[in-house]
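Hi there,

I'm passing a structure over to you, together with some notes to read beside it. Please open it first and then follow along.

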Amino acid sequence: MGPTKCSLITVLGIALAAVLVGGIGLAQVEQAHYAPATLGQLEQPAPAALTDDSVYQISAYPEYTPELAEGEGRSETASRCALCHSTRYITMQPPLPAATWDAEVTKMRKTFGASIPDASAALITKYLKSHYTPETRN
Amino acid sequence: MANPPPAKPCAISRRSLLSFFGIAGGALAFGGLAGRLSAAQKGNPAVRSFTGPEENPYWNSIGPYVSEPQKSPLLLLTDRGVQLETPRPYFQTAITPNHAFYVRWHLESIPTAVDLKSWRLQVEGNVAKSMSYNLAELMNQFPQESIVAVNQCSGNSRSRFQPRVPGGQWGNGAMGNARWTGVRLRDILRASAPKAGSMQVQFQGLESGAGPEGYGSHFFQKSVDLDNPVLDECIVAYAMNGEPLPMLNGFPVRLVVPGYFATYWMKCLTWIRVLDKVDENFWMKTAYRIPDTPRGNTSPEDVKGGAVKTIPINRMPVRSFVISPDGGAKIPAGMPVQVHGVAFSGYASVTKVDVSSDGLKTWQGARLGEDLGRYSFRSWEFAWTPKLPGRYTLAVRASDSAGNVQPDEPVWNPGGYLWNRIEHQEYAVGAAE
């Protein structure tokens, strides 16, 4: 293999790696693994198996999917919101006024660029107001 | 063992009659206690799964304990991005252990593995000489520097706000104190020679999200003015309490910005970028801003009015905490108790910690512990003997050498930042006889 061909393949390899790691742009990192986990089961983790090479690795981050209140819009809320973050971001909040939930959904779309169609956003907002305000949360 | 001879039927001796009444009398006297014990057998119920709309009444946030990589059980706020709070007992020492140090990420993509063969800290942007360093070069090519400094989330204690504000509903445990060891940021900057006209230095780590490019949901970046004196004290830390940083706290290196809120302490720091203009990314221009008012205080009405001028959050106001006893156990009247806690300020050294047991009317000085440096937790202790049964409240107030004193008034701003109200700890004191 000639040097030119070789370096071309290297360049392509680097470019491919850059694409694979997305925004970070360097083939140096393995991005987060999340694994389903159950709340209330706090087991003692087994010691990690370690290697003595240059890779520093940990186990997957546990993901605890919370119970969202039953009601219309629940699955839309769970699926749209969970694209970027755990829905514990909802259940963690104190009861918030309806206007605050309006502002939160707007923030996710306009400020953070979440691609949620108008109809979905309306459904999600209605769901949040129906279950997570001082008047409706229980 | 031989069986005792059977008692004669209906032949109740005087002695056994007495013992019967004795037992019955005892049962009467202990009736209340027996009732309580059976209630205790039902187990210790968990706290509610949320608090509000009133303020969170607990010292910590109310999430369940969870087990995360390289961590002792911590209190869960959110799992993706990962936000974990340090339970109160870990502040009994001035140095917070790495395995219990709180965690706060913004976006979901954070490292599960880092390959140090290819990882580089890159210095780029408006510099004469772009550089990249592997970890060995950082450890070997620069002088080593250590500092003990408190890292506190901007939203620590957000769950105290009234009215409540959205965001991570932290109790008091979004903070920690560690000995950070690494390279002075100024040494790294000098080696790359920022060009004339440089304005800020931007920091970015290995944290990204699913959001589109140009939005805060894509990258997390923070910047500091190049002429800000805090840069002289910054360290690019590769060790935390003499150990590698836990992945969740920013392995392989994180920025340490002594005295400043943790939002600037970039984890998994990978890009140091010198800018020739002021950074207008979301995390500087929109998020982590505080009202340009005393204590960063404002009101929902003023925010609605739209006239609140804001500035990027910066130094941490003076705070102090009672750590133990934590009020979870009754104290017998007359018992001498050692009350322990920590205090810190992002502005200057803690010079004084005072305790009041009479509703802030009079104050007594606590004894300060070892001085680990002006940006460290300062531990304190206070001898206290509650004389009579009843309810007591201790209040704790810290002062720093810049003249800052903790106030007893709450603070409010829409971000839920800068809480530093005097802490109050209630105790139940019971009879000892």
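Let's begin with a term: pLDDT is the predictor's confidence in each residue, on a scale from 0 to 100. Helices (H or I, at least four residues) and strands (E, at least two) are DSSP runs, numbered from the N terminus.

Please keep in mind that this is a predicted model: local features need a pLDDT of at least 70, side-chain atom pairs count only at pLDDT 80 or more, and totals for chains, interfaces and linings use all residues. Residues are numbered from 1 along each chain as its sequence is written, while chains are lettered from A and ligands numbered from 1 in the order in which they are written.

**Confidence in chain A**

Chain A has an average pLDDT of 85, and 80% of its residues score at least 70. Two residues are in contact if their C-beta atoms, placed from the backbone, lie within 7 Å.

**Chain B as a whole**

Chain B holds 6 helices and 25 strands. Its C-alpha trace spans about 105 × 55 × 40 Å along the principal axes. Of the 433 residues in chain B, 44% are buried. A residue is buried if 20 or more other C-beta atoms lie within 10 Å of its own, exposed if 12 or fewer do, and partly exposed in between, with C-beta atoms placed from the backbone. Among the contacts in chain B with a separation of 6 or more, 69% are between residues 24 or more positions apart.

**Where the chains meet**

On the chain B side, 49 residues are in contact with 46 residues of chain A. The elements of chain B that give two or more residues to this side are strands E1 (65-66), E2 (74-79), E5 (111-115) and E10 (200-208). E5(B) provides the largest share, 5 residues. By type, this side of chain B divides into 24 nonpolar, 18 polar and 7 charged residues. Here Ala, Val, Leu, Ile, Met, Phe, Trp, Tyr, Cys and Pro count as nonpolar, Asp, Glu, Lys and Arg as charged, and the others, Gly among them, as polar.

E5(B) also takes part in a pairing across the two chains: 3 bridges join it antiparallel to strand E1 (residues 29-31) of chain A. Within that pairing, A:Glu30 has B:Ala113 as its bridge partner. Two strands pair if DSSP finds at least two bridges between them.

**Strands and a helix in chain B**

In chain B, an open sheet of 4 strands runs in the order E1-E2-E3-E4, with antiparallel pairing. E1 and E4 (103-104) of chain B stand at the edges with a single partner strand each, so one side of each is left without a neighbour in the sheet. E4(B) is joined to strand E3 (residues 82-85) of chain B by 2 bridges, and B:Leu84 stands opposite B:Val103.

Strand E6 (residues 121-125) of chain B is joined by 3 bridges to strand E7 (residues 131-133) of chain B, running antiparallel, and a hairpin of 5 residues connects E6(B) to E7(B). E6(B) also runs parallel to strand E14 (residues 269-275) of chain B, with 4 bridges; there, B:Glu124 has B:Arg273 as its bridge partner.

Which residues of helix H4 (residues 185-192) of chain B are buried? They are B:Leu185, B:Ile188 and B:Leu189. These cover an arc of only 95° around the axis, which puts them on the same side of H4(B); the arc is that of the directions from the helix axis to the C-beta atoms. The buried residues of H4(B) pack against E6, E9 (175-184), E10, E12 (235-240) and E14 of chain B.

**The core**

A nonpolar core is a set of buried Ala, Val, Leu, Ile, Met, Phe, Trp, Tyr and Cys residues joined through C-beta atoms within 7 Å. The largest has 115 residues, and B:Ile235, B:Val236, B:Leu255 and B:Val256 touch the most other members. E12(B) gives the most to this core, with 5 residues.

Happy exploring!
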